[in-house]
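I opened this model to look up its disulfides, strands and cavities. My entries follow, topic by topic.

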Amino acid sequence: MMKCNIKKMALAVGTVLGGLSMVPSAQAVNLATDGLGQSLIFPYYTTRAGWNTLFNITNTSDQIVAVKVRFHEGYNSRDVFDFNVVLSPKDVWNGTVSNGPGDVPVFSTSDTSCTVPQIPAAGQPFQGSGANGILAYTNVPGGVQAADGGPADTDRMREGYVTMTMMGSSPPSGLAAGAIHTAARVPVNCGVLQSLFSLNGYTFAQLQGAFPGYVANPLKGAFSLVNAANGWNASGSATTLANFSTGAPSLITAQLPPAQVGFAASFHLPTLASASTAGTVLLDATGAVASGPTGAEGVSFVLQRASIVNQWANRVASAATGGWSVASDWVVTFPTKRFYADTATHEFSGRATGRTGLPAGLAPFTQAFAGGRSCDPVSYTIYDREEQRVAAAGGAVFSPAPSPQGNELCAEVNVLTFGAAAAATSTNVLKSPMPGRLAGNVLSLPGENGWMQLDFRNGARALPVTGFSVINRTSPGANLNESFIVDNAYIR
């Protein structure tokens, strides 16, 4: 009887959270449990301090799949670089973002799969959706007034996160068949796809008609943070959303600005707000499922958590440690925050006029983006490996601090460090800049390792979040350097 009552209670909780069923629907966006989906979120990219970020996506289907690749800077998620990649059946595509001349990120690939536009052999510098390189967050005389109070330099583009969203699919025939590789391992005709997406000799109806389907969950995504000079290579998997859309309405858009084709047909879409299915979460082992809305709120519903749990490490090299040193950073990313907190309405903003799938307002976030930040309160509890709570020396807090609200996270991509950073302006591992940029304040801890629970303290006490911990271990005497990623665990 008690077991029965517990199950009934779980179902009641699901009903309060939203619509409920005992079987996850095939028409509901959810966190993929099998690693395959229709939309991929890569929580972090960086080109700082010798770090490169590598991306890998696999099309596991027998269909041709068109994917929108979108790089977002870490303050306010403004687009800084986007293009399309068209994957042939069973295709794998790879690319790398690294630091280029003038500290501007450069995207390069040796992969032959079709991209629109074509990535030059020498790589393509980030352009920020505009010819001057930073149009997405600056004012342009006679053009869009896109300044948002954040930094207006190219350095802002060097950290952020990436989304890759399936736009549509096609059988291996018709115009899309230009993406199919020959025996020489090159596509038959990338030129026709580049003309198609630029509407050069083709109509928008022909473009959408070339990709009439939306195959179920074909994509697998992985990434690596590589620092060759230090011998560090940390790899992780994308946060994967299954059943993102039914394909209706079509997510296929031209690789052109709104001035040429209108916002709804332009390269500003699709985004995470384009989810056309209801967000769904498996509540517990009973199989109870809670369902939320569609669009940005549907994706947020799937990613919304009250707390993050993960490891930390901080071991300073000394004779007592045999020369070993260990350092760690956390990455905390809010991939849908732009649709709530970026309240401008021009074409580069999260709440751009013409964008569909937007939430009603700011909640569950606390502040609109202004003056270069949008802050949400947090608290944290730190433990060592023997279940002892660790007190941060001097009452260290997160960025920006101190403030009347206490601890806060104020960017869309936040990098937090543990222990004494190598310099006052960077974190330990990723060398992310300190407050005023993307990072949290240093936690000066007396221990060497353990775990932390980071709790969101906004009104709803839950935010849509993803991320990981990256840990470096170095032993110069043993000529050993290693780096690894530990995915976050969460409490809903």
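**Contacts and overall make-up**

I count a contact when heavy atoms lie within 4.5 Å. I note at the start that this is a predicted model. Among contacts in the chain between residues at least 6 apart in sequence, I find that 70% join residues at least 24 apart. I then looked up the elements. The chain has six helices and 27 strands. The chain has 492 residues, and 56% of them are buried.

**Disulfides**

How many disulfides does a search of the whole structure find? I get two. As a reminder to myself, a disulfide is a covalent bond between the sulfur atoms of two cysteines.

I took Cys114 and Cys190 to begin with. They are joined by a disulfide, with an S to S distance of 2.0 Å. Cys114 sits in strand 9 (residues 114–116) and Cys190 in helix 2 (residues 190–197), so this pair ties together parts that are 76 residues apart in sequence. The angle about the S-S bond is -95°, and the link of Cys114 and Cys190 is left-handed. I checked burial as well. Both Cys114 and Cys190 are buried.

Next I looked at Cys375 and Cys410. They form a disulfide with sulfur atoms 2.0 Å apart. This pair links distant parts of the chain, 35 residues apart. Cys375 is in the loop between helix 6 and strand 20 (376–384), while Cys410 is in the loop between strand 21 and strand 22 (413–417).

Cys375 has 1% relative accessibility, so it counts as buried. Cys410 has 9%, so it counts as buried too.

Counting bonded cysteines along the chain, I write the pattern of the disulfides as 1-2, 3-4.

Strand 18 (residues 307–313) pairs with strand 27 in the antiparallel sense, over three bridges. Ser307 has Ile491 of strand 27 as its bridge partner.

**Strand 4 and its partners**

I looked up what strand 4 (residues 52–59) pairs with. Strand 12 (residues 219–227) runs antiparallel to strand 4, and eight bridges join the two. Phe55 stands opposite Phe223 of strand 12. Strand 4 also pairs with strand 7 (residues 92–99), again in the antiparallel sense, over six bridges. Here Thr58 stands opposite Val92 of strand 7. For my own reference, strands of a sheet pair through backbone hydrogen bonds, either parallel or antiparallel.

**Helix 5**

Is helix 5 (residues 295–303) mostly covered or mostly open? I find it mostly covered, with eight of its nine residues buried. The buried ones are Gly295, Ala296, Gly298, Val299, Ser300, Phe301, Val302 and Leu303.

**Cavities**

The structure holds two cavities of 30 Å³ or more.

The largest cavity has a volume of about 40 Å³. Its lining is His72, Tyr161, Thr163, Thr271, Leu272, Pro335, Arg338 and Phe339. Strand 11 (159–170) and helix 6 (338–341) are the elements that give two or more residues to this lining. I sorted the lining of the largest cavity by class: four residues are nonpolar, three polar and one charged.

The second largest cavity contains about 30 Å³ of space. Asp79, His268, Arg338, Glu347, Phe348 and Arg355 line it. Sorted by class, the lining of the second largest cavity has one nonpolar, one polar and four charged residues.

Key: Residues are numbered from 1 along each chain as its sequence is written. This is a predicted model: local features need pLDDT of at least 70, side-chain atom pairs count only at pLDDT 80 or more; totals for chains, interfaces and linings use all residues. Side-chain values use heavy atoms; hydrogens and water are left out. Two strands pair if DSSP finds at least two bridges between them. Helices (H or I, at least four residues) and strands (E, at least two) are DSSP runs, numbered from the N terminus. On a 1 Å grid over the protein atoms alone, a cavity is a set of points where a 1.4 Å probe fits but cannot get out, and a pocket is an open set with protein on both sides within 12 Å along at least five of seven lines; lining residues have an atom within 4 Å of a point. Grid points are joined across faces, edges and corners, and a volume is the space filled by probe spheres set on the points. Ala, Val, Leu, Ile, Met, Phe, Trp, Tyr, Cys and Pro count as nonpolar, Asp, Glu, Lys and Arg as charged, and the others, Gly among them, as polar. Buried means under 20% relative accessible area, exposed over 50%, partly exposed in between (1.4 Å probe, protein chains only). A disulfide is a pair of cysteine sulfur atoms within 2.5 Å.
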